[in-house]
Amino acid sequence: MTEHQLEQLLIGWFKNNGYTYVHGRELLPAKGERESLRHVVLKKRFISSIKRLNPGLRDEEAEEVYKKVLDLESPDWNVKSVNFYRYLTEGVKINYVDERGELRSKQVRLIDFENPYNNDFLIANQFEVEFQYQRGFTRKPDFVVFVNGLPLVIGELKSLANGQNFRDAYKDHEEKKKDIPQLYAYAQILVISDGYITKVGSPTSGLERFFYWEGIESDDDVKPDPEKRDSFIFRYKGEELTSLEVLVRGLFKKERFIEYLRDFIVHETDKGVVKKIAMYHQFYAARKAIENSRKAIEGKDKRIGVVWHTQGSGKSLTMLFYTRKVLRELGNPLIIFITDRRELDEQLSKLFEKHIGTVERAESIKDLKEKLSTKRGGVLFVTIQKFSRRIGELKPINEREDIIVIADEAHRSQYRELAQNMRIVIPNASFMGFTATPVELHDRSTTAVFGNYISIYPMDKARRHGVVVPIMYESRLAKLHLTNEFIDEEFEELDEETKDEQKAKLLRKLEKIVLSSEDRLRKIAKDIVAHFNERDKEYKGKGMIVTLSRKVAVELYKKIKEIPEAPSVEVVISGSKSRDEEELKPFIRNAKQLEQLANDFKDAKKDPKLVIVVDMWLTGFDVPPLHVMYIDKPMKGHTLFQAIARVNRVYPGKPSGLIVDYIGITDDLAKALSIYASEEIAETVTDIEKIVNEMKERYDVVSSMLSGINFDPNNQLALIKAYERLQEDEERKKDYIKNSTYLEKLYKMVSHHPAAIEIRKHVNFFTKVRKMLITLKRERAEKSIEEIEKEFHELISQSIIADEPIDIFSLLGREKGELTLLDEEFIKKLRESEYKNFAMDTLAKILNDQLKIFTTRNPKRYKTITEKLKEILEKYHRRLLKSAEVIDELIKLTLELKKLYKNEKTLNLSPLGILVYDYLKDYIDDEKSLFDISSHLEEELKSVINSPDWYEIPEKVSRARSIAKIKLQKVVGYKKAKTIAESLISYLQDVKVTV
C-alpha cells in the first residue's frame, strides 16, 4: 500500500467520524483561510467558531483572542505549548468595558467541552507550512486535525512497500519540529503509522515513549489476531481492523477526542517542558473508574473496583487523571489516598499538587480525625499507619456519601484491617484499589473490599507495546561460590505476613550472619564493580544494589570504594542523625539532600552510577536509566515483585533490565510468580542463560552466511567483501538483515556476559555490514544535505577506492570548492575495483540523493540526469546491464552533473536568475541575449517574488507576468513574449522560488 492510499483510507475513517475533509491546498492564504504560509491557525474558522461558542463576542474581541492565541507570550516553543494548553482548556481572558463604563474581564472559550458536537472538526492532508526561520522553504505534514481552526493533531504516514516504517514517520516529525516549530506548539497529539504499526505520542516524546492504541469503546474490546504473535491486525465485533483504523475509531471519535484534550494531558516543567498524554489503558481505566464511582456513590454497593496496571505502565498518572476528572464531574467529592509508606505519600502528593492544586496530608491521628470531620472536598493523603491504629474509640466521624477511599497497592494484607476500621469511621465511603502487582489467585479478600477489576493492563501486553522492557535474571551464587545456607534457613521463617517485631528480630540475626562474613561482602563488591563496568561499555545507565540492612549497606559501600576502578556510588538509607550510630550518620540525608541525590541518580549523565539501598526507592521510584539491580537481600511475594520492576522502565538504548542475584531468590521468585492468576506473569522474568543460548544460535546463523570472511569491524576490505556476497542474492540479504538485527538485540541484553564479550567485535562487524546494506539501498524522502553528508562521508572516505577522504561537500550542494569527486585517479580505481556491487551502489546512492536536492531547487536543469539515472538502474534490475557497465554509465552521468554544476557556478546568477536562464534556453538561442534577459528579469522580479507565498497571491503573479512579458518583447517579439512569460511564471510558481 502506498502512502497516498493509506492517506485516503485515513481520511475516509475520519469522515466516518463526522469530520470535514479538505485538501491542504484549499487552506492556503490565497483561499482566505489563514494569514500566510507561516501562520498555522485557520483564522477564518477560528473566529467563526469562538463567536459561535461565546454569544455576544464582538468582532474586535474575537480579533484580540486570535492575537493572544498567536502570541502565546514566550519565545520558547515548548513554553508556548504550555501557555496554549492553558488557553485551550481554561479559555482566553480578555478585558472589556461594560455599558456602565466599568472595566471587566471574561473568559472566552476556544473549545466547547460540554457539547463536543458544537465544535468544528476538520482533517486536512498535505497542509503546507513555511519554515519559521527561513523564507521560501516549506514543509507538508501528511495530515493535520483542526478543532475550531486550531491544529491539534499532526500525523506522518509511511509505506512499508517503499521500505519505510513508523520509525521513519517519527524522524519526519523530528525534522519538521526544527523547521516548523510554530505548528508543533499547538499540537497535542502526534501520530506515526506505516499502515501496520501505528503509535501515538506528544510533541516532546522520544520514539520510545510513543504508544499503541488498542481500544475503541473500552480498553478490552479489540483483540489482536490470535493466530499471530505480536500481530497489529485486530478483531472488533466481527470486523478486522488495522491499528490505524482502531486509533481513529477509538481516540478520534468526537466526544472521546474532546474529553481526552481536556482531561488526559499534563505538562511537567521541572526540567524543561515535557508534555505527557494518556496511554489508551490510562484513558479507558479512568473513564470506567469514574462511571463506577458514580454508581458506588449513588448505590448500596460501595466497592468501585480495582485497577491493575503493571509495574512501569504509568499507574501514578492514571490516578492523577482519574482524580482530576472525578473532582470536576462528581461535584468535588473528598478523595482519600492511602499509601503504605511516607516516601510514596510524598511522591504522589507532590505530583497532585502540580496538576490539581492544593492537596492536604494528615500528619497525625488527631489531624486525620479533624480533617475527616471538617474537610468538604478535594484530596487528602494518609499513610496506612494512621488507620491501622484505632482513632480513639471507633465511631462514625463523617457519614457523607461522596467520599472515595483509594488504596495504592491494594493487594496488601494490611488493607483488610484498614477497611474494617474505615467502614466504621466513614461508613458511607466508596472504596477503590490501584495495584501494579496482580492479585493472588486464591485471594478473595481484595475484591471483597474493593470490588472486581475495572481495568487490567498486564505485563505481557506492556512488553508487547514497548511500555516496559523485558527483565532478565542472572544468578551469581555459583560463580562466586557464595554460601547462603544459614541465610536461607533463617529466611524461611520470614514472609510478608510476618509481624513487624518478629521481622525486625529475624533481620537483626541475618545482619550478624552477613556482617560476620567479610570475605563474602568483599567478593560481592568486587563482582558488582566488574559486572557493572562491563555493562557500561555497551550503554550508559545506572545500577541499584539492594542489601539486608543499613549496616550492611555501609559496609558494602566501603568495600566498593576500596576498588580503584569502582564507579561512583552512594548509600540511600533513612534514619536520624541525632539518634543513630556514628557509622550510619554520614549517610543519613535530610529531605532536600535526598531529593537532590534522587534527581542526580535519575540523570544518566550525572553521578552516582550506583546506589546501595535497603528499603527506600524500591517502590514508587522511577529511574528510566536504571538497567541493573544487584540483590543481596531476602525478599518474597509482592515486595520482590515490586523491587525487580524498578529495572523495567523504558529508556533510549536500553534493551532490557537485569536482576543479578547474590542471595538465592530463584525459588522465591518462582513461588511469587506461581500464585498469580494470569499465565503471563510466569514470563515476567527470563533467565539470562536462555538469552545467551538464543544469542549463540543466532550468531551461528549469521556467521555461516559470511563464512571465510574476517569479522574485523575495522577491516574495510572485509566489510566490502561481506557486502558483495550478500548483494548477490536478495533473499539471503533479507535473511541477513533480519538475523543480524535479532542477534544485535540479544547481544545488547547480555553484553556483560563472557559469551557476549567473546563475540563483541564480530557483532560490531555484522552491524556495520547491515547498515551498509540498508544505507546503500534505501530511499528516504525529504532527506537534508546534512543527513546525506553524515551518512556517506565516512563511508566513501574510508572505502577501498580512496586512500584519502574524498570531498563530497560540493557534490552535495555545499559552497566548498569545485566538484572533485571524479578525478582521473578516482575513476581508474573505481573501474578496476573487484567489488563492483559496492562501488555501483555507493555511486548510485550519492547521485540519487544529491539529485533529489538539486531537482527540488531547479527541476529543469537536472531533470534529464535524474531520468537517465532511473533508466540505468531499471536496466540493471532487469539484468540488461552488468554492474561494471552500470559503473561506466554512472561515471558518465556524474561527469555530466559536474559540468552542469560548474556551469551554474560560472553564470554568476542568483538561484532565481539560474531558474530563469535554464527555462528560457528552450526559446532563446543566443547565449549573450539569454544571459542578459535572465540577469534583467532576475533584478526586476525580486521586487515581486519577495514573500514566501507570492505564488498564491493573484496580484503578485499578475505583476510578475507583466514584468516578464515586457522584458521578453525586446528579444522574442510581442506575440511570443506573452506565451513564454505566462509559462515562465507558472514554472516559477511550481518551483515556489522566493528571494
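Start at K237: with 70% relative accessibility, K237 counts as exposed (exposed is over 50% relative accessible area, buried under 20%, partly exposed in between, with a 1.4 Å probe and protein chains only). You are in a predicted model, where local features need pLDDT of at least 70, side-chain atom pairs count only at pLDDT 80 or more, and totals for chains, interfaces and linings use all residues. Residues are numbered from 1 along each chain as its sequence is written, and side-chain values use heavy atoms, leaving out hydrogens and water.

K237 sits in the loop between β12 (233-236) and β13 (239-242). Helices (H or I, at least four residues) and strands (E, at least two) are DSSP runs, numbered from the N terminus. The phi of K237 is positive, near 50 degrees, and K237 is not a glycine. Most residues other than glycine have a negative phi.

Next, select N332, in the loop between α10 (315-329) and β17 (334-339). N332 also has a positive phi, about 60 degrees. N332 is partly exposed, at 40% relative accessible area.

Now go to helix α4, residues 77-90. Select F84 and Y87: they are among its buried residues. After α4 comes G91, with a positive phi near 95 degrees.

Move on to β2 (residues 92-97) and β3 (residues 103-108), which run antiparallel and are joined by 6 bridges. Find N95, opposite S105 in β3. In the turn of this hairpin, G101 has a positive phi of about 85 degrees.

Last stop: D607 and P608, joined by a cis peptide bond with omega about 5 degrees.

Notes: Pairing = 2+ DSSP bridges. Expected span 1.5 Å × (residues − 1).
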